[in-house]
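Q: I would like to learn how to read the features of a model like this one. Where do we start?

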Amino acid sequence: MVTTQTGSLYLQPDRNLAMELVRSTEAAAIRATPFIGKGDKNAADGAAVDAMRKFLGTVNFAGVVVIGEGEKDKAPMLYNGEEVGNGQGPACDIAVDPIDGTSLTAAGRSHAISMLAVADRGSMLDASSVFYMEKIVTGHEGIGVVDIRQSVGENIRALAKAKNKPVEEMRIAVLDRPRHEQLIEEIRSAGAGTRIILDGDVAAGINAARHDSRIDMAIGTGGSPEGVATACAIRALGGFIQGRLAPGSQEEIDKGLAAGLKFDHVYEANELVRSDNTFFVATGVTDGELVRGVRRQGDIITTESIVLRSRSGTVRRVVADHLASKWLDF
């Protein structure tokens, strides 16, 4: 029997950088494990940063940190502008968060992850001068249907119709912040239910775009860097994301304008990250809906990661067993 294959990736398979990057998030998650529930988020973050940086140095790429732990003087490792990788291979922008949910980790709560996102060099929006961004994320059903300029109720009803789902069965993820009190009221007034999250709006956004998640939409104001990282994942999932900068002061506006950012502008997915070759990798630190947290049974440490790539449109789950003696003394 003769078959024909026309898929470009079938004809010309290429290397998936994310399968190398996952070792960095695994390392960060494992090294943070001794600090879960110990109340010291800085110690957890420090251990994760150190581990991620060491493993990134072995990856075959020339990365520049666009979204990192902060400026060089305040973040000696994985700071904005730091060069990572072995200097060979593709030139990339990289967004890192060794622990998205340091407070969750310190308190022993769920949904903390170690994550990083990668895209072609110069393609990620550098929104670091404006800390907050208003965001809305859905699955592919939201494309051409949902718009951040519409009211919350309109968006919920439009998405419910597109998903052929009763409004009362819709679940909307929102960060638990005082600034969202009115938003939460509007969601419930529309007839939908809320999924209130303490931290970790990157994972919430990804869950909103997954076909097998209970969350239908993630909405609200969170970190601008997290919005750009989320966009890398959403492009791989074929979902929908929009963002609108939410400056907290005139100083932020001035810095943003100097950096070429636009205010009163809705950033679409292809503006948050312009590359069509994005990678997103996350490993669970504590158990969550996206991935399970690090587990230890005797001499074995088990990690679960999710690996997304936009060019191939693939979502992989990587479960790995590690010898504890190689990693930890606990």
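**Reading the model**

A: Asp264 sits in the loop between helix 9 (250-258) and strand 10. Helices (H or I, at least four residues) and strands (E, at least two) are DSSP runs, numbered from the N terminus. The model is predicted: local features need pLDDT of at least 70, side-chain atom pairs count only at pLDDT 80 or more, and totals for chains, interfaces and linings use all residues. Residues are numbered from 1 along each chain as its sequence is written, and side-chain values use heavy atoms, with hydrogens and water left out.

Q: What is the phi of Asp264?
A: Phi is near 55 degrees, a positive value in a residue other than glycine.

Q: Is Asp264 buried or exposed?
A: Buried means under 20% relative accessible area, exposed over 50%, and partly exposed in between (1.4 Å probe, protein chains only). Asp264 has 81% relative accessibility, so it counts as exposed.

Q: Which loop holds Leu78, and is Leu78 buried or exposed?
A: Leu78 lies in the loop between strand 1 and strand 2 (83-84). Its relative accessibility is 0%, so Leu78 counts as buried. Leu78 also has a positive phi, about 55 degrees, although it is not a glycine.

Q: How do strands pair in a sheet?
A: They pair through backbone hydrogen bonds, either parallel or antiparallel. The criterion here is that DSSP finds at least two bridges between two strands. In this model, six strands form an open sheet in the order 7-6-8-5-9-10, with mixed pairing. Strand 7 (193-197) and strand 10 (267-268) are the edge strands, each pairing on one side only.

Q: How many bridges join strand 9 to strand 10?
A: Two bridges join strand 9 (residues 240-245) to strand 10, and the two strands run antiparallel. Gln242 has Glu268 in strand 10 as its bridge partner.

Q: Which strands does helix 5 touch?
A: Contact means heavy atoms within 4.5 Å. Axes are lines fitted to C-alpha atoms, for helices over the stretch in contact, and angles run from 0 to 180 degrees between N-to-C directions. Helix 5 (residues 152-162) packs on the sheet and touches strand 5 (132-138), strand 6 (171-175) and strand 8 (217-223). The direction of helix 5 makes about 140 degrees with that of strand 8. Helix 6 (residues 181-189) lies across strand 6, strand 7 and strand 8, at about 150 degrees to strand 7.

Q: What does Arg157 contact beyond its neighbours within four places in sequence?
A: Arg157, in helix 5, is in contact with Val167 and Ala190. Its relative accessibility is 44%, so Arg157 counts as partly exposed.

Q: Where is Asp147, and what does Asp147 touch?
A: Asp147 is in the loop between strand 5 and helix 5. Not counting residues up to four places away in sequence, Asp147 touches Asn155 and Gln242. Asp147 is buried, with a relative accessible area of 17%.

Q: What is the volume of the largest pocket?
A: On a 1 Å grid over the protein atoms alone, a pocket is an open set of points where a 1.4 Å probe fits, with protein on both sides within 12 Å along at least five of seven lines; lining residues have an atom within 4 Å of a point. Grid points are joined across faces, edges and corners, and a volume is the space filled by probe spheres set on the points. The largest pocket has about 1200 Å³. Of its 43 lining residues, Gly68, Glu69, Asp97, Phe131 and Glu226 are the closest to its centre.
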